[in-house]
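Student: I have a model open and want to learn to read it feature by feature. Where do we begin?
Tutor: With one residue, then we widen the view.

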Amino acid sequence: MHRFGLRNVVSRHGRYTRAYSHGAASNAFITQHTAELDGISTQAVRGPLEGRKIAVKDNICTAGYDTTCASSTLAGFRSPLDSTVVRLLREAGALIQGKTNMDEFGMGSHSINSAHGPVVNQGGDGKLYSAGGSSGGSAMAVTTDQSWAALGTDTGGSIRLPAAFTGTFGFKPSYGLISRNGVVAYANSLDTVGILANSTHKIQQTFSAISKFDHKDPTSVTPSTRKNILKVTPNLRMLGRPLRIGIPGEYNIEELDQDVRHAWVELLETLQDHNISISAVSIPSTKYALSTYYVLAPAEASSNLARYDGIRYGTRPEGSDMNAGTLFSRTRDISFGEEVKRRILLGTYTLSSEAMDNYFMQSQRVRRLVQRDFNRVFQTRNVLEEGSVGTEDGVDLLLCPTAPCSAPELAAVEAQTPVEGYTTDVFTVPASLAGLPAISIPLKQRDSKSSIGMQLIGQYGTDSLVLEASGLLEQLGLTNAPKYEGSKLQVEGKLWDPNLAMSYKNMSKYYGGGMKAVQWSGTKSGTKASA
Amino acid sequence: MSWRPTGSLFKPVRPITLSTKWNLHVQRCRRQSSLRTFQDDPQEAPDNVPIRQQLKDQLKQKKAAKKKNSKYDDHDAMGKAWELTVGIEIHAELDTARKLFSSAPTNSGSKPNTNVSLHDLAYPGAQPIFQIGTVLPALRAALALDCTIQRESTFDRKHYFYQDQPAGYQITQFYQPFAKNGTLTLGEADGISRQDGDSVDIGIERVQLEQDTAKSLVVSGDSTLLDFNRVSHPLIEIISRPDIHSPATAAAYVRKVQALLKSVGAVTAGMETGGLRADVNVSVRKRSDLAPEDTRLGQRTEIKNLSSLKAVEDAVKAERDRQIAILESGGTIEGETRGWTVGGTETYSLRKKEGEVDYRYMPDPDLPPLIISQQLIQQLQATIPLPADTLVAKLVDGYGVTEKDARTLCNMGDGERLEYFFDAVARTEDLLGSTDMTARVGRLIANFTVHEIPALMTKIDLEPQWSPELIPALQLASLVHLLHTKRIHNSAARVLLAKIFETEDGASLSVSELAEKENLLRSLQTDEDSPGTDSTDLIDDVVGPVSAQVFEVNQKMVNDILVKKEVKKVYFFVGLVMKELGKQGKAKTYDPRDVSDAVQRAFWDKYGP
């Protein structure tokens with residue numbers, strides 16, 4: 001009932017009708033803080049971000065303004081406190097420009113599951129494309145130059161994917177570096193606050209202002225671990241050797257769009273020309289990562305969203321909230337969107353006593369495998385794991401596409417089944433499961449105004465190296481690569497043939513298993529909404 | 001399998017580690033908090049069942065257990081045919097200054113919805129911050145229950161929807177509790193069933209830390225008021241093994257756990273004020289069906305939320321009888337959750353098995369594991385108050401207190417009465433300038449503390465709420481000093497005690513001045529008239545031996561009292577003893593009422609249960 005098509009939005013929300021008719025509005029903002037921008041409500045603060053307009057995703061609490069997570073559940077909800085990250089931004093002099101549109105509670109890959117209507121990414125060709133999700137509003141605020149930078153959250157790719165689809169830089173730091181206090185939880189063990197901007201430098205400036213220990217967040221990385229990170233993380237100048245970049249073979253899947261594959265190869269060739277060493281690596285657990293993610297994230301979501309009962313805050317219908325003996329089912333039925341309900345059901349199922357061992361426990365084990373696989377390919381050791389030493393001839397960074405395709409048209413996205421939609425996240429969830437820093441870098445396409453996102457992934461804590469390398473790629477000017485004429489990429493002395501791709505569906509035998517649960521909940525949608 | 005679920009992505013990031021340095025810090029906080037409670041809200045101060053009442057109850061229970069009315073009692077034919085098995089889960093509110101996961105104060109007496117943090121209300125974006133201080137009372141409780149403390153424990157979410165559960169889940173310790181494998185030994189004095197013999201060991205499976213819920217107040221049919229002050233108050237849940245086989249022992253277990261938790265300072269309140277609640281799991285099986293080594297139990301049912309010792313005993317009894325009746329008529333027991341109404345006669349069904357909630361336990365992804373250092377455990381073990389049994393022995397052997405009085409001193413309140421006792425003994429010894437008479441002074445003071453002061457309260461129609469302020473320890477010491485130095489009679493002491501209590505200026509007038517004013521001091525003349533009588537001898541010391549002789553000579557009467565329950569016949573002995581005292585020329589030394597009490601004490605000490 002809650003899936004907003006474009007037409008629905010136009011008819012339901014009169015004020016957006018006007019916006020669309022002008023053809024320019026992206027529906028990026030849910031709330032605009034005009035008073036703050038005019039300097040009425042705040043006094044100028046001197047600092048590194050002085051006067052910078054920064055947009056904030058609507059699941060990050062701001063005192064004095066609504067925080068709705070694009071959900072009817074939280075319509076009109078105001079947090080009494082600023083989130084830590086917003087406080088830090090204000091202390092650095094930034095102006096909080098407004099709250100950006102998103103997929104409800106972060107659940108989605110295209111920012112269309114919003115009670116505020118979908119985010120629209122109008123292409124140079126006049127067509128309407130997906131802005132990516134769930135931080136689509138933040139990405140659009142940046143790409144349309146409304147904001148100097150924007151905060152998003154990334155649980156399984158929610159910053160990197162919109163960055164890739166809108167041609168911006170989207171950075172997901174290592175888990176725990178930026179405080180989540182005051183950030184509305186979707187899946188706590190994966191949720192990461194990050195930054196979108198149209199240059200690496202802006203991201204670096206913003207990151208250094210907000211990457212601080214916070215005693216109010218029990219998962220915040222401690223000052224002593226931060227010191228350790230400084231000790232083990234190399235930087236480009238101090239490496240004393242060419243940067244080593246790995247290509248994970250498992251990411252070259254048959255399902256990858258040709259355009260994306262070619263852009264990837266071209267980029268690698270360019271890097272090789274600039275004396276960067278390229279080697280092939282293997283992350284065997286990649287094939288299980290997506291299903292693992294879609295077990296763990298909904299499980300945590302079903303738990304985190306259990307609090308929305310309309311009693312202490314939020315939406316609640318008139319009268320008794322008991323339906324056929326089930327408490328809160330009316331409130332939760334009318335105020336959650338379809339995708340949120342689907343994931344709550346999925347999580348409720350995978351945590352149930354009959355399914356717990358097969359899904360949740362199994363996924364926790366796979367998550368460890370993913371972490372172990374990443375530790376094996378990096379030269380830098382993982383500072384969080386005692387006894388981790390790093391791999392002697394390991395790589396510094398991984399480079400792979402952010403998504404298997406460039407931004408799809410909104411109409412095509414709306415026609416997708418939920419499971420088809422989930423596969424968009426296939427390249428972004430592994431770094432999320434391992435808590436690694438990753439940035440999506442836009443590669444402008446020569447023949448159109450669209451762009452393709454390429455992802456750099458580093459070892460835990462090597463955020464500064466990831467950002468430095470992103471800056472390097474930006475400098476190399478990757479917008480004007482020659483027309484693709486087959487791979488000339490040399491890997492370990494041999495020509496690397498990008499056409500030797502594996503089928504993702506075949507390689508992942510658990511693919512069917514994990515997704516069966518997804519479909520199960522899809523077919524029974526609504527039957528146990530308040531289970 | 002060595003795999004254990006964990007919520008946090010990176011276990012070693014920031015475990016909550018408890019080392020000894022926290023102990024001092026936390027003790028400081030605790031002191032401040034108890035001070036605050038005392039000043040803010042005197043009504044909050046320890047709640048007590050009147051002592052005599054409790055003793056009477058215990059006596060009554062034991063007597064009742066002996067005649068008993070139930071169809072299926074432990075010792076009749078039916079009881080022999082069936083074996084009852086009970087396991088108990090006790091939830092106790094810990095005595096802490098702060099909540100389990102927020103720094104909000106725990107003072108539940110405050111105005112509704114004032115002691116709440118955003119996390120307590122499950123506001124979006126709020127995170128749990130474990131309050132390290134809450135572990136100390138929990139550890140003391142677990143150590144008192146003889147548990148093994150786990151170096152590492154974790155927090156999990158238990159999901160269910162209810163208006164008193166703001167987050168939709170309770171944070172508890174399902175997968176890895178902080179303490180396991182304890183034992184509690186119950187003896188005859190604890191009121192266990194006769195079938196359990198002299199003593200019985202009840203195994204403690206685990207003790208876990210968890211959050212309390214909000215208080216609901218139904219105001220009308222479809223309207224409920226909620227007070228979130230209690231949300232996230234730290235609780236421990238103590239889960240026993242199914243080692244209990246009689247209703248009396250079930251109640252005795254809960255009573256002893258409650259006393260133990262109070263004596264080590266783990267909790268402030270007992271069942272009377274809802275600070276402690278019990279759920280009981282009850283099953284029966286036919287003895288004749290059992291192979292000797294068969295450990296399989298019958299289908300069990302759970303009775304939730306029992307809030308008094310009587311409710312525990314009655315509910316277990318009623319549920320046992322219900323199950324036996326069903327099985328005897330060829331039916332089967334359904335696994336279900338049942339309820340009990342105070343004063344009821346039957347348990348009633350709350351939820352059938354198919355209606356049971358699947359709690360979907362999930363490791364909390366925000367909370368790191370709790371690590372407790374061995375050093376801290378050792379330090380706590382060394383400073384933990386003595387267990388009650390050891391204390392009783394110390395009072396009996398070192399202070400000449402009767403065993404019954406010693407138990408009462410140990411079991412009541414927060415150990416407050418015991419502190420008062422030691423304080424008064426020390427002050428009396430100061431007045432005497434000697435510690436040679438500890439045994440006599442101790443016995444006298446115990447008598448005043450346990451019997452005379454509460455009796456005085458009852459007499460003047462005051463709710464006999466014990467408080468050390470009723471009769472300040474120094475004044476009791478002065479009184480006992482007068483008694484001990486033979487300046488007042490026993491009966492005069494009782495009058496004087498009432499005067500101390502009634503006199504507004506009790507504090508400004510010293511006790512001896514007050515005695516003089518009230519003309520209670522003994523005339524030295526009288527004393528010289530009857531040399532050899534030592535009227536200030538402890539009455540029990542004089543009456544005791546005389547009574548013993550009298551009991552010996554009249555065994556038939558003793559039997560009447562014990563077997564036929566003709567309790568009033570004790571007065572027959574009082575007459576005999578008075579006569580005997582007269583022969584010794586001591587009759588006039590004592591108030592007959594004192595003699596009567598002393599004879600009864602002597603009788604029940606000797607023959608009582």
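Student: Which helix of chain B holds B:Gly398?
Tutor: This is a predicted model, so keep that in mind throughout. B:Gly398 sits in helix H8 of chain B, which covers residues 388–399.

Student: Now a helix pair. At what angle do the axes of H10 and H11 of chain B cross?
Tutor: Angles over 145 degrees count as roughly antiparallel, and 65 to 115 as roughly perpendicular; what falls between these two ranges is oblique. In chain B, H10 (residues 416–432) and H11 (residues 438–459) cross at roughly 135°, with their axes coming within 10 Å. That makes H10(B) oblique to H11(B). Their crossing is right-handed.

Student: Which residues meet there?
Tutor: From H10(B), they include B:Tyr420, B:Phe421 and B:Val425. Among those in H11(B) are B:Val441, B:Ile445 and B:Ala446. By class, this contact has seven nonpolar, four polar and two charged residues.

Student: How many residues does each chain give to the contact between A and B?
Tutor: Interface size can be stated in more than one way. The accessible area lost when the parts come together is often used. Here, read residue counts: chain B gives 34 and chain A gives 42. The chain B side divides into 21 nonpolar, seven polar and six charged residues.

Student: Where does UniProt place the feature "active site"?
Tutor: A record's annotation is worth checking against the coordinates. The unreviewed UniProt entry places this one at A:Lys57, A:Ser134 and A:Ser158. They span 102 residues in sequence, yet no two of their C-alpha atoms are more than 11.0 Å apart, so they gather at one spot.

Student: What surrounds A:Lys57?
Tutor: A:Lys57 lies in strand S2 of chain A, residues 53–57. It is buried, with 32 other C-beta atoms within 10 Å. Beyond its sequence neighbours, its contacts include A:Met102, A:Ser138 and A:Leu151.

Student: And A:Ser134: buried or exposed?
Tutor: Buried, because A:Ser134 has 37 other C-beta atoms within 10 Å. A:Ser134 is in the loop between strand S5 and helix H5 of chain A. Among the residues it touches are A:Asp103, A:Ser111 and A:Ser158.

Methods
Residues are numbered from 1 along each chain as its sequence is written. Chains are lettered from A and ligands numbered from 1 in the order in which they are written. This is a predicted model: local features need pLDDT of at least 70, side-chain atom pairs count only at pLDDT 80 or more; totals for chains, interfaces and linings use all residues. Axes are lines fitted to C-alpha atoms, for helices over the stretch in contact, and angles run from 0 to 180 degrees between N-to-C directions. Helices (H or I, at least four residues) and strands (E, at least two) are DSSP runs, numbered from the N terminus. Angles under 35 degrees count as roughly parallel, over 145 as roughly antiparallel, 65 to 115 as roughly perpendicular and the rest as oblique. A crossing is left-handed if the near helix is turned anticlockwise from the far one by less than a right angle, and right-handed if clockwise. Two residues are in contact if their C-beta atoms, placed from the backbone, lie within 7 Å. Ala, Val, Leu, Ile, Met, Phe, Trp, Tyr, Cys and Pro count as nonpolar, Asp, Glu, Lys and Arg as charged, and the others, Gly among them, as polar. UniProt positions are given in the numbering used here, feature names are shortened, and annotations may be inferred rather than shown by experiment. A residue is buried if 20 or more other C-beta atoms lie within 10 Å of its own, exposed if 12 or fewer, and partly exposed in between; C-beta atoms are placed from the backbone. Lists of a residue's contacts leave out its neighbours within four places in sequence.
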